[in-house]
Amino acid sequence: MSVAAAARIEPQTASRAAGHVEIDRVSKRFGGATVLSELSIAVSQGEFVSLLGPSGCGKTTLLRIIAGLLAPDAGTVSIAGRDLTRVAAHKRNVGVVFQSYALFPHLTVAENVAFGLQARRVSRAETARRVTEALALVRMNEHASRGVASLSGGQQQRIAVARSIVVKPALLLLDEPLSALDRKLRETMQIELRRLLRDLGITSIFVTHDQDEALVMSDRIAVMNEGVIEQFATAGEIYGRPKSLFVLEFVGQSTRLHGRTTAANGGVVEVETALGRVRAPGAFRPGTSVVIAVRPEAMALGEGPESDYNNVRAVLSDVVYLGSRTQLLFQGDTPGNSIQVEVPRLPAGSGHPGAEVTVRWRIDDTLVFPIP
Amino acid sequence: MTILADSAVHAALPVTADRWRVEPRALMALPALTAMALIFLLPLGLLLAQSLWDANGFTLAGYARVLADPYYVKVIWDSLKLAFNVTLIALIIGYPAAFALARARGRTQVILFALVFLPLTVSIIVKTFGLMIMFRREGIVNWLLVTMGFVDRPIRLVFTELSLVVGMVNVFLPFMILPIFAVIRMLDPRLADAAACLGAGPIRTFWRVTLPLTMPGIVAGASIVFSIGVAAYVTPTLLIGERYMTMSQVMAKAFLNLRDFQLGATMASIMLMIALVIVFASSFLARGAKGGR
């Protein structure tokens, strides 16, 4: 975000210093609806960035604007310091892997991969060499002469990737490329694709609505909502230090309690909730309505030392076995709102619904969001 | 509807479904097949027989007569040339129109649809008379040409080959647009996006992606227009008459005026053979266009 602020002051020098890909205050409206609203983001050379958000948040529109398939109403798109806002898609050297793959059905696998090289008038011999190389990267060499319609979804996905990377794009855009695959294949492809793009050092922007996919694959994640970026940070920060309630709720699970601040001292606020007094890092004026939130794995059973921990007495309502861990649900401050605690292994004799148990979590792990 | 019917059959007859699935459908085609046999194949067979038999038995005299006479050879050639020109012009005009129709949305698409297909509801005779009124010496086309200074005085437009081609394109254009439209509508617009993102400009994208993928529609539209163009009767008769004889006109004249049934039947059989060649060639071409799949 500070990068965008810098760009606003010194557009020329800032864009060169800021990053490989620079989106500066891009806006787009369709009819009466604002899809993108002064959105800015900077991506570094070789970085893998995910645009994560619910459907309709504008992430695909942003991707199409970066690719040059759609013109923004305002703002600029530049890559490697060059303003591409008014440059046609076919002159941008930006590769796109489409959700539907968009392979050319009348061409073979090799012809699909060769398409971009032929458009760039690469010699016949070099085209053949690079096609073989690209197909080897995605382990599809033995299928080179097959028609693309006879390939499975995972194979088509690989060809779509090979077709896009063979031309060495300055930037690769991926529009939910894994969403059509079944879960197991998707998980394999996440790792495979990540490794491939990292090895090749291709700067990539990956659009997804799947938070797990974003967490697994990305160097940084931009969480989008209603045409703006709510937070742009590493996966750890997005999960551990969400900047807004939206980010908190969209990424991962959490326990949320409504409350009102009563006192603040030394960077710690006290919040009065229906389940008692809770302390959290932060500075709010007393009387502020807030939501406090805690991630499930930050919670544990049993009392902790008062100096570092929040301790809350709660009634166990349900135990959910999740395989590698167990989730305990406690009655929260309102019906339907439960406190979620995740433990690796359930302590013997503690899992009776109806039992009143002390739940603890570190003050430092408590997140506070003011209610606007 | 087929899917619904299919699943209904499977649900009702889980065991025998496979055995019954094909036969009822084949039976459903029976009335149509019978009708076709009676009103189409039978007369056609009789016609063919008439071109090959006379009072003395089997003979190829009819064909020898037609193919040895430069007049009739020219008629066949002129008919083919006319159909080719009409097909080519209809393709050049119809292809972009089909694209516009397939990519248009909402009310625009409804209006474009009406523009293309309403003319089909008007009788071909009415349309041709309309064209004659437009093309005649005092017609609007001549008025425009004179007013805009392209010509000094009204020129002859009716009874020229040009007016015939224009008239036939006008009548047959929807038959070119419809099959191409059907193919373009199935074409994923993302393919053109993908081509652009791979560095292909609009021209390369058209030649390498759009054109090959819409070829089945082009082949279908062209073979329909060519077939009905070769066989056209009303439009040539009204717009040009005796000045440009087509096979259909010769045929009609042979049957109606000359009472020369052998000549008429021979012309009809030659026309049929041309049509058959087109049908087989086009299905071969269409398969070739899809061969890469």
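## Helix, sheet and core in a predicted model

Biologist: In this predicted model, how many Å apart are the end C-alpha atoms of helix H7 (residues 183-200) of chain A?

Modeller: Helix H7 of chain A has 18 residues, and at 1.5 Å a residue these should span 26 Å. The expected span is 1.5 Å times one less than the number of residues. The span in the model agrees with this, because the end C-alpha atoms of H7(A) are apart by 26 Å.

Biologist: Which residues of H7(A) are buried?

Modeller: A residue counts as buried if 20 or more other C-beta atoms lie within 10 Å of its own. What covers the buried residues of H7(A) includes strands E3 (48-52), E7 (171-175) and E8 (204-208) and helices H6 (153-165) and H8 (211-217) of chain A. The buried residues of H7(A) are A:Met189, A:Gln190, A:Leu193 and A:Leu197.

Biologist: Which strands stand at the edges of the open sheet in chain A?

Modeller: The sheet has 5 strands in the order E15-E19-E16-E17-E18, with antiparallel pairing. An edge strand has a single partner strand, so one side of it is left without a neighbour in the sheet. In chain A, the strands at the edges are E15 (299-301) and E18 (338-343).

Biologist: Which residues touch the most other members of the largest nonpolar core?

Modeller: In soluble globular proteins, nonpolar side chains tend to be buried together. The largest nonpolar core here holds 109 residues. Those touching the most other members are A:Ile66, A:Val113, A:Ala162, A:Leu173, A:Ala222 and A:Val223.

Definitions and conventions. Residues are numbered from 1 along each chain as its sequence is written. Chains are lettered from A and ligands numbered from 1 in the order in which they are written. This is a predicted model: local features need pLDDT of at least 70, side-chain atom pairs count only at pLDDT 80 or more; totals for chains, interfaces and linings use all residues. A nonpolar core is a set of buried Ala, Val, Leu, Ile, Met, Phe, Trp, Tyr and Cys residues joined through C-beta atoms within 7 Å. A residue is buried if 20 or more other C-beta atoms lie within 10 Å of its own, exposed if 12 or fewer, and partly exposed in between; C-beta atoms are placed from the backbone. Two strands pair if DSSP finds at least two bridges between them. Helices (H or I, at least four residues) and strands (E, at least two) are DSSP runs, numbered from the N terminus. Two residues are in contact if their C-beta atoms, placed from the backbone, lie within 7 Å.
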